[in-house]
Amino acid sequence: MLANLNDVLRPAKKNKYAVGLFNAVNLELARGIINAAEATRSPVIMGTAEVLLPYGPLEEVSYYLVPMAKKASVPVVIHFDHGLNFDTCVKALELGFTSVMYDCSTDSYEENVRKVKEMAEIAHSYGATIEGELGHVGDNEGSAEGSSHLADPSKFFTDPKQAKDYVEKTGVDALAIAVGNAHGAYKLPPKLDFNRIRTIANTVDVPLVLHGGSGLTDNDFRQAIKEGISKVNIFTDINVAAVEAEFKKFSSMDKGLIDLIPAAVEAVKQESMKKMQLFSSDGKAGGCVRADGTIPAGDIETLTKLVTAEVIKYFKKV
Ligand SMILES: [Zn+2]
């Protein structure tokens, strides 16, 4: 069923688990991710990012992501990550993405607030959710997701007081924070500032997002989630798992690409399942009914059941 960030992250924040965002720039990735979510009964966030568009154009990606989310038996958010341009974010919303991140983290604080507040109003008018970033998450060298390598990342860590002001002024539904994390593969194990995560989680009431999750230790994840992270972004780990599986299969390949496709789907599934279990989002698919009793958009099956039950009740009365 198609969901937005609020549907999956509010229960996650309340019950101290995290939901993974996995980028799906092709069909193998998308199939592996959905298979993992259904196998573990986990809510999931799936999407792409502006820097990944050369590998799969936004419109084409939306043609499989949105229907696959609707058809899935678990809540699936279709999220456009690190939108860098106003027009691309609006296009994602028009194409049916249920969530956007408008990344203005390299702008001044005032500009970040002004631009993200405007986008929040637009996203909400589509029934979609929005994630903002405060502080700046840089990139490890060679990252597929960007080339913003920071000499001293701690200078860009998120300030808890400013985070509160930012969330109130912009109306974002989730906040990406910089606490020692970075995109891409880490050369040295990163040191996360867990105290800062806890302080921000206690200061703002929206779910917090940890970007650059690939390469953190299992204990890092457990602790970060315990301190208040509700969404973790993963790309490098599934990106590499897919190609390693294809490489392994290559030696015994006899029909060409169609030998490699199932190997990639299965590797993405296994790697995503590991993360879902580690984040404790497994078994939580049923916990995403909204607080007011309504159900996420696109869940036709549940809607049909509810309407049928009402019709039966009505005819029993007359
Ligand atoms: Zn990111």
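In which strand does L134 lie? L134 belongs to strand β6, which covers residues 129-134; strands are DSSP runs of E of at least two residues and helices runs of H or I of at least four, numbered from the N terminus. The structure is a predicted model, in which local features need pLDDT of at least 70 and side-chain atom pairs count only at pLDDT 80 or more, while totals for chains, interfaces and linings use all residues. Residues are numbered from 1 along each chain as its sequence is written.

The protein contains eleven helices and eleven strands. Its radius of gyration, taken over C-alpha atoms, is 19 Å, close to the 20 Å that the globule rule (2.2 Å times the number of residues to the power 0.38) gives for 318 residues, so the protein is as compact as a globular protein of that length. The C-alpha trace spans about 70 × 60 × 35 Å along its principal axes. Of the 318 residues, 51% count as buried, that is, with 20 or more other C-beta atoms within 10 Å of their own, the C-beta atoms being placed from the backbone. Contacts are pairs of residues whose C-beta atoms, placed from the backbone, lie within 7 Å. Among contacts between residues at least 6 apart in sequence, 71% join residues at least 24 apart.

L134 is buried, with 27 other C-beta atoms within 10 Å. Leaving aside residues up to four places away in sequence, L134 touches S105, N112, T158, Q162, A163, Y166, L175 and I177. Between L134 and R198 there are 16 Å in space, C-alpha to C-alpha, and the two are 64 residues apart in sequence.

R198 is in turn one of the residues of helix α7 that meet helix α8: F194, I197, R198 and A201 in α7 meet Q223, A224 and E227 in α8. By class, this contact has four nonpolar, one polar and two charged residues; Ala, Val, Leu, Ile, Met, Phe, Trp, Tyr, Cys and Pro count as nonpolar, Asp, Glu, Lys and Arg as charged, and the others, Gly among them, as polar. Helices α7 (residues 194-203) and α8 (residues 218-227) pack at an angle of about 25 degrees, with their axes 8 Å apart. Axes are lines fitted to C-alpha atoms, for helices over the stretch in contact, and angles run from 0 to 180 degrees between N-to-C directions. The two helices are therefore roughly parallel to each other, angles under 35 degrees being counted as roughly parallel.

Terms used
Buried ≥ 20, exposed ≤ 12 C-beta atoms within 10 Å, placed from the backbone. Contact = placed C-beta atoms within 7 Å. Parallel < 35°, antiparallel > 145°, perpendicular 65-115°, else oblique.
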